[in-house]
Structures are given as structure tokens and as C-alpha cells.
Amino acid sequence: MYRLVDAIMIAMLIIMVGSISVNVVARYFGMAFTWIDEVSRLTFVWMSCMAIVAGLRRGLHPSFVVLLDKTSGVVNKLLLTVINTLILLFLVYLLKGGIDYISKVYIQKTAILGISVAWKYAAVPFATIIMILEVIRALVLVWKKDDCRLADR
């Protein structure tokens, strides 16, 4: 699953950089492609959401580890369980909000490409579902591993 996330990120980066570069060169010669602005925005949103997923999986997001460093054993596992449960609740709320928003705007079309704006906003629920699965995996690992600090990496 994470190779898919990385592949989406790389593809979006290549499309975004490539299309913007083409437009820069085209503008130099007095012409520009109007659709490139929409494509670059769409790819930026998807790339950003996939980067958030990758950051969560790799443990790159900021966290407060002061309490985790001062506890061990069952207390540490309980603390990690509470933290991951709170993250999970937030992600469920985010997923619901993303789906609700898409259901309201899916009939709108982009100005130039004429595609549904839901394609742009679908990145949030898509990324959120993957993050929910990752947090559930972390919750399971907290209680499976002897050194529960490995579970949040």
C-alpha cells in the first residue's frame, strides 16, 4: 500500500513540475497553456495529501515524546493507545467531513478542464482512509511488541 502512496507522490510531482516547466517555456515564446494551472493545482493537492500519509507511516510528524520517554511498560502502552485513539477519532471526523464536502461540490466543474472538482477534494478522504489503516496497525503493534516505542515508527 505504501508503494502505491509513494508512486502517486512521485507521479504527481513529475506531472506538476513537468507541466509548469512546459508552461514557463511556452510563456517565454509568447504562448501559454491555460489548463496547466488547473493540472498543477490538482497534482499539488494529491501530492500533499500523499506526503501526509507517508509522513505518518515513517513517523515524521511532530510529536510530544516527553511523557512517552518517562514511562515504560503498560503505562507506555496505555499512553500510546490513548494517543493513537485520539488520532483515529480525528481521522474519522476528517473522513466524514471530506466525504460530506465532496457530496456537496461534486456537481461543480473546473473552469478549464471541465472535470468535477470532486477529483481534487477526493485526495483528503483517500489519504484519510490510508491513515486510518496505519493508525489501526500502530494500535495493534502497541500491544504486540515488547518495546512499544517501535509501534509509533
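This is a predicted model: local features need pLDDT of at least 70, side-chain atom pairs count only at pLDDT 80 or more; totals for chains, interfaces and linings use all residues.
Local features were considered at pLDDT of at least 70 and side-chain atom pairs only at pLDDT 80 or more, whereas totals for chains, interfaces and linings use all residues. Residues are numbered from 1 along each chain as its sequence is written, and side-chain values use heavy atoms, with hydrogens and water left out.

Helices are DSSP runs (H or I, at least four residues), numbered from the N terminus. The axes of α2 and α6 come within 9 Å and cross at roughly 5°; axes are lines fitted to C-alpha atoms, for helices over the stretch in contact, and angles run from 0 to 180 degrees between N-to-C directions. The two helices α2 and α6 are therefore roughly parallel to each other, a class that covers angles under 35 degrees. On the α2 side, the contact (heavy atoms within 4.5 Å) is made by Val 45, Trp 46, Cys 49, Met 50, Ile 52, Val 53, Leu 56 and Arg 57. Helix α6 contributes Ala 123, Val 124, Phe 126, Ala 127, Ile 130, Met 131, Glu 134, Val 135 and Arg 137. By class, the contact of α2 with α6 comprises 14 nonpolar residues, no polar residues and three charged ones. In this scheme Ala, Val, Leu, Ile, Met, Phe, Trp, Tyr, Cys and Pro count as nonpolar, Asp, Glu, Lys and Arg as charged, and the others, Gly among them, as polar.

Rings of Phe, Tyr and Trp (its six-membered ring) were paired if their centres lie within 6.5 Å, with planes under 30 degrees apart counted as stacked, over 60 as edge-to-face and the rest as tilted. The count by this rule is four aromatic pairs. In one of them, the ring centres of Trp 46 and Phe 126 are 5.5 Å apart and the planes stand at 50°, so the pair is tilted. Because Trp 46 belongs to helix α2 (residues 35–58) and Phe 126 to helix α6 (residues 123–144), this pair ties together parts that are 80 residues apart in sequence. Trp 46 is buried, at 15% relative accessibility, whereas Phe 126 is partly exposed at 30%; buried means under 20% relative accessible area, exposed over 50%, and partly exposed in between (1.4 Å probe, protein chains only).

An edge-to-face pair is formed by Tyr 101 and Tyr 121, at 4.9 Å centre to centre and 85° between the planes. Tyr 101 is partly exposed, at 40% relative accessible area, and Tyr 121 is partly exposed at 29%.

Five salt bridges were found in the whole structure, each defined by a side-chain nitrogen of Lys or Arg within 4 Å of a carboxyl oxygen of Asp or Glu. One of them joins Arg 58 and Asp 6 at 2.9 Å, N to O. Since Arg 58 lies in helix α2 and Asp 6 in helix α1 (residues 2–28), this bridge connects parts 52 residues apart in sequence. Arg 58 is partly exposed, with a relative accessible area of 44%.

Within helix α4, Lys 96 and Asp 100 are four residues apart, about one helical turn, and their side chains form a salt bridge of 2.6 Å, N to O. In helix α6, Arg 137 and Glu 134 are three residues apart, about one turn of the helix, and meet at 2.7 Å, N to O. Glu 134 is buried, at 5% relative accessible area, while Arg 137 is partly exposed at 26%. Arg 57, Glu 134 and Arg 137 are linked in a network of salt bridges.

Note on methods:
Angles under 35 degrees count as roughly parallel, over 145 as roughly antiparallel, 65 to 115 as roughly perpendicular and the rest as oblique.
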